[in-house]
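Here are my notes on the complex, as numbered points. Have the coordinates open while you read.

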Amino acid sequence: MSLTPVSYQALPGVVPGSTHYVLEVMIILTILGVLTFYIYYLISSRKEAVEDAAKDEGYAEPSEYVRDKMYGRKRKADFSIFMYDDAKSIGLRYLFTGIAFLFLAGSFGVMMRVSLVDPNPVVISPVLYDIFLTQHATLMIYMFAIGVSFGFAYYLLPSYLRLKKDNMGTLSSVAYWIWLLGGALFVVSRSSMRWYMYPPLSLQLTPYGAGMANWLAIIAMELIFIGITMTSIIVLKIIFLDRADDMPLSKMPIFAWSIVFTLIMIVSSDPPLMVGLGMLFYDFFNPIFFTASSNTVLNFAILFWFWGHPIVYIAVLPFFGLIYEIIQKFTGGKVYSYSSAIIGMGTLLIFSELVWGHHLLNSGLGVDWVLFFTTTSFVVVIPSAISVFNWIATLWTAGKIRLSTPMLFVINSIFDFILGGIEGVMLANDSFNEIAHGTYFVTGHFHFIFVGMTLGVTMAVFYMLYPTISGGRVYNERLAKWHFYITAFGSFLMSFSWSVGGFLGMPRAVAGYFPFFQPYQDSAIIGGVIIGIGQLVFLYNIATSWLKKPVTDTNNAFETVEDTPAAVSSVEAAATDSQVVNGGD
Amino acid sequence: MEGNKGGVTLALVIIVVIALGMTYILSAPTVEGITPTNFSHKYVASVHLGANANGWDFPTGPYNFDNGTVNPTFYYKVGTLVYYNVTEEDDLPHTLTIGYDGSATSTIGSSLISNPGLIKKNPTAYEFTSKSYTVISTSQLTQVPGHTAFGKYPFQTAGVYTYWCTVHPTTMYGLIFVNATSAGTSIQFHQLNNSPVLQNGLGSLNSFNFKYQCTIPLTINTITGENFESQ
């Protein structure tokens with residue numbers, strides 16, 4: 001057969017299977033969705049919407065209404081958050097979408113756990129296991145962790161920084177919808193190529209390889225990246241250009257700094273992978289970039305991990321900042337060292353760009369690079385330890401610590417972060433990494449941090465904001481405590497079982513295991529199911545307590561601190577400015 | 001919200017999202033469609049392939065690999081049980097996977113017959129609607145050059161098949177044509193006279209097929225009871 005390359009061309013009239021029809025329906029739905037979105041956009045960006053809302057709320061002047069929205073002390077969650085484009089509404093959109101994806105991806109995780117009751121894949125087939133694995137990882141990172149981070153940034157920063165104006169609403173809204181569309185399409189793709197999308201696995205288009213719609217998954221990833229890059233630039237603009245004039249950078253809240261570092265990480269690290277995904281997509285038609293035969297597959301891995309390690313810090317750094325803020329609220333004091341908090345997180349930003357190679361220590365980068373990445377991975381302990389010791393010192397020097405649910409979550413997250421961090425340092429050791437890579441030890445390492453910190457602090461902040469976003473309701477403290485204890489116990493049991501099993505060599509990311517590892521898998525299954533039950537308690541708590549009558553005002557600890565004379569005067573000064581809000585003009 | 005259903009709405013939305021997502025993922029196709037079962041074959045053929053990331057070829061010696069013939073096309077009669085011997089020629093993982101593209105008269109099949117160049121580059125693109133079966137998996141190979149693994153596959157249905165390596169789908173791929181007629185007891189090389197590929201100017205390819213693909217006549221035409229277990 002002649003080997004002259006013939007360019008790919010679609011076969012005429014390929015007989016479609018049922019999955020093909022599903023995809024066609026999804027494409028039609030997408031087009032309809034785009035049209036609907038355009039109509040929605042026309043409506044939501046109309047000035048009349050704001051004026052009507054202001055009238056409904058009893059404001060004579062729409063600008064006053066917008067100002068109050070902007071400072072957000074009264075911003076509640078309802079369907080109007082999808083219609084208004086002020087920062088608070090965008091924040092609540094991101095927050096609730098992130099929580100919905102937390103539950104979706106969490107259910108996938110529980111499904112994976114349950115399927116491992118038997119060493120052989122008898123509950124669900126390995127193909128399904130791989131799909132659940134991919135979806136769980138991608139949705140948790142891109143939709144949950146980044147989503148709630150953006151949500152808290154949009155929701156809290158206007159109050160923290162006493163913004164002068166809020167005129168990026170329309171663009172923020174567009175970025176949100178692009179991000180959400182990307183997440184939805186990723187689920188539709190049913191891809192099973194793992195969250196790092198290595199070719200040639202991601203180039204497979206068989207249902208039994210890595211998912212027949214990997215091309216759709218790659219488009220979805222690009223949409224997610226477009227969304228989060230737009231949002232990052234917008235929020236950076238809000239922080240640097242729109243904050244109050246009497247708010248110098250040196251006095252910005254630590255949470256704002258953590259968001260700054262996070263967003264710089266996003267915009268500086270995701271271009272390589274966005275380009276890489278474009279090349280990968282081209283490879284579907286004409287494979288010239290990442291072909292296994294020419295050993296260029298590692299190039300994609302490098303492009304991926306140049307983004308893939310920063311994303312790991314992106315998923316925790318905003319929560320570093322939130323921990324500082326929550327600790328201050330529950331101890332009544334200031335953080336022990338403001339400057340070392342900023343330095344710690346800023347150094348983490350720098351090192352996040354230098355340690356990505358430790359994901360490829362065993363991929364043949366060469367001993368020089370292995371030494372470099374091992375060294376930087378050890379050095380990254382320093383900024384992490386600065387943050388941890390700063391939290392501990394703040395707690396240590398506090399006169400009194402109120403141990404209500406959010407604070408319990410925070411203390412547990414510090415504990416879990418230390419455990420997971422120590423495992424990370426162990427993995428940074430190349431000789432240990434050679435043994436432990438690809439085992440559940442790695443899974444235990446990052447689930448300690450992600451479940452303990454990302455999930456825990458999200459829940460803590462949600463509980464603190466609950467009276468505001470529910471319009472004056474209070475959650476059931478007893479159920480919330482149960483939520484905390486169940487989640488903390490389940491998380492520890494699951495991650496610890498993985499760590500021990502992984503230390504003994506239990507391979508991760510496979511649908512089965514050797515019977516020798518049965519005890520570790522069984523205890524991890526119990527832990528995973530316990531975490532799931534804990535989140536159901538949370539959902540029940542929110543649903544039932546929202547049904548009750550409002551009993552408190554809608555202020556919350558996060559924002560009332562800005563209710564100072566200086567803040568009020570700043571509000572008055574801002575009100576006299578000519579503001580452009582909500583895309584109204 | 002003036003109402004008090006915010007939490008209930010959130011819970012309902014989450015339940016609906018989980019239900020839809022779970023149902024959708026669990027409905028993904030998982031069963032390999034062309035796994036052979038209880039196949040009674042009439043013919044037996046044997047192929048010795050060299051697994052090389054540059055393309056499938058015919059090994060000429062244990063360490064004297066011939067990379068000249070890359071990705072040959074094969075022709076079988078319906079009912080042929082093909083024994084595959086795959087010798088590793090490099091230190092990379094490989095698979096030997098076979099996918100059914102459709103009958104020769106189907107649109108996709110006739111398109112491939114009339115223009116085999118279409119299969120170029122990424123053959124897995126054509127497995128979109130159909131089925132595949134991995135004859136030799138990565139776990140059977142050692143990534144040591146010279147090692148040989150064995151597998152077998154019966155071609156029960158006439159039509160066009162693709163064979164490829166899932167690790168190197170862009171270089172290691174080729175076509176298998178299984179003709180539509182199963183009549184005839186004398187086993188020989190296949191229907192070169194009316195091969196559609198021959199009519200499309202690719203007839204010269206058959207010479208090496210004849211050389212390497214020995215189709216063995218059987219004294220007993222039908223052997224039954226072959227059980228194939230999915231791997």
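1. Some housekeeping. This is a predicted model, in which local features need pLDDT of at least 70 and side-chain atom pairs count only at pLDDT 80 or more, while totals for chains, interfaces and linings use all residues. Residues are numbered from 1 along each chain as its sequence is written, chains are lettered from A and ligands numbered from 1 in the order in which they are written, and side-chain values use heavy atoms, with hydrogens and water left out.

2. Now overall confidence. The complex gets an ipTM of 0.81 and a pTM of 0.78 from the predictor. Chain B has a mean pLDDT of 68, with 56% of its residues at 70 or more. Within chain B, the highest confidence is in helix 1 (residues 6–26), at 91, and the lowest is in helix 3 (residues 196–202), at a mean of 32.

3. On to the make-up of the two chains. Helices (H or I, at least four residues) and strands (E, at least two) are DSSP runs, numbered from the N terminus. Chain A has 20 helices and zero strands, whereas chain B has four helices and eleven strands. Buried means under 20% relative accessible area, exposed over 50%, and partly exposed in between, with a 1.4 Å probe and protein chains only. In chain A, 60% of the 585 residues are buried; in chain B, 55% of the 231 residues are. If you take contacts between residues at least 6 apart in sequence, those joining residues at least 24 apart make up 82% in chain A and 78% in chain B.

4. Which strands pair with strand 4 (residues 80–88) of chain B? Two strands pair if DSSP finds at least two bridges between them. Strand 2 (residues 43–51) of chain B pairs with strand 4 in the parallel sense over nine bridges, and Ala51(B) has Glu88(B) as its bridge partner. Strand 7 (residues 148–155) of chain B runs antiparallel to strand 4, joined by eight bridges; here Thr80(B) stands opposite Phe155(B). Eight of the nine residues of strand 4 are buried.

5. Helix 9 (residues 297–314) of chain A deserves a look. Its 18 residues reach 26 Å from first C-alpha to last, close to the 26 Å expected at 1.5 Å a residue; the expected span is 1.5 Å times one less than the number of residues. Even so, helix 9 has a kink of about 30° centred on Trp305(A), where the bend is the angle between axes fitted to the seven residues ending there and the seven starting there. Its buried residues, including Phe300(A), Phe304(A), Trp305(A) and Pro310(A), pack against helix 5 (126–161), helix 7 (214–241), helix 8 (254–285), helix 10 (317–331) and helix 11 (338–352) of chain A.

6. Next, the aromatics. Rings of Phe, Tyr and Trp (its six-membered ring) pair if their centres lie within 6.5 Å; planes under 30 degrees apart count as stacked, over 60 as edge-to-face and the rest as tilted. That rule gives 63 aromatic pairs over all chains. Phe225(A) and Trp307(A) have ring centres 5.1 Å apart and planes at 75°, so they are edge-to-face. The two sit 82 residues apart, Phe225(A) in helix 7 and Trp307(A) in helix 9 of chain A, and both are buried. One aromatic cluster has among its members Phe96(A), Phe409(A), Tyr463(A) and Trp546(A).

7. Last, a few residues to check by eye. Arg190(A), with phi near 50°, and Arg194(A), with phi near 65°, have positive values in residues other than glycine. Is Arg190(A) buried or exposed? Arg190(A) is buried, at a relative accessible area of 7%. Leu371(A), in helix 12 (residues 367–379) of chain A, counts as exposed at 54% relative accessibility.

Technical notes: Contact = heavy atoms within 4.5 Å. pLDDT = per-residue confidence, 0-100.
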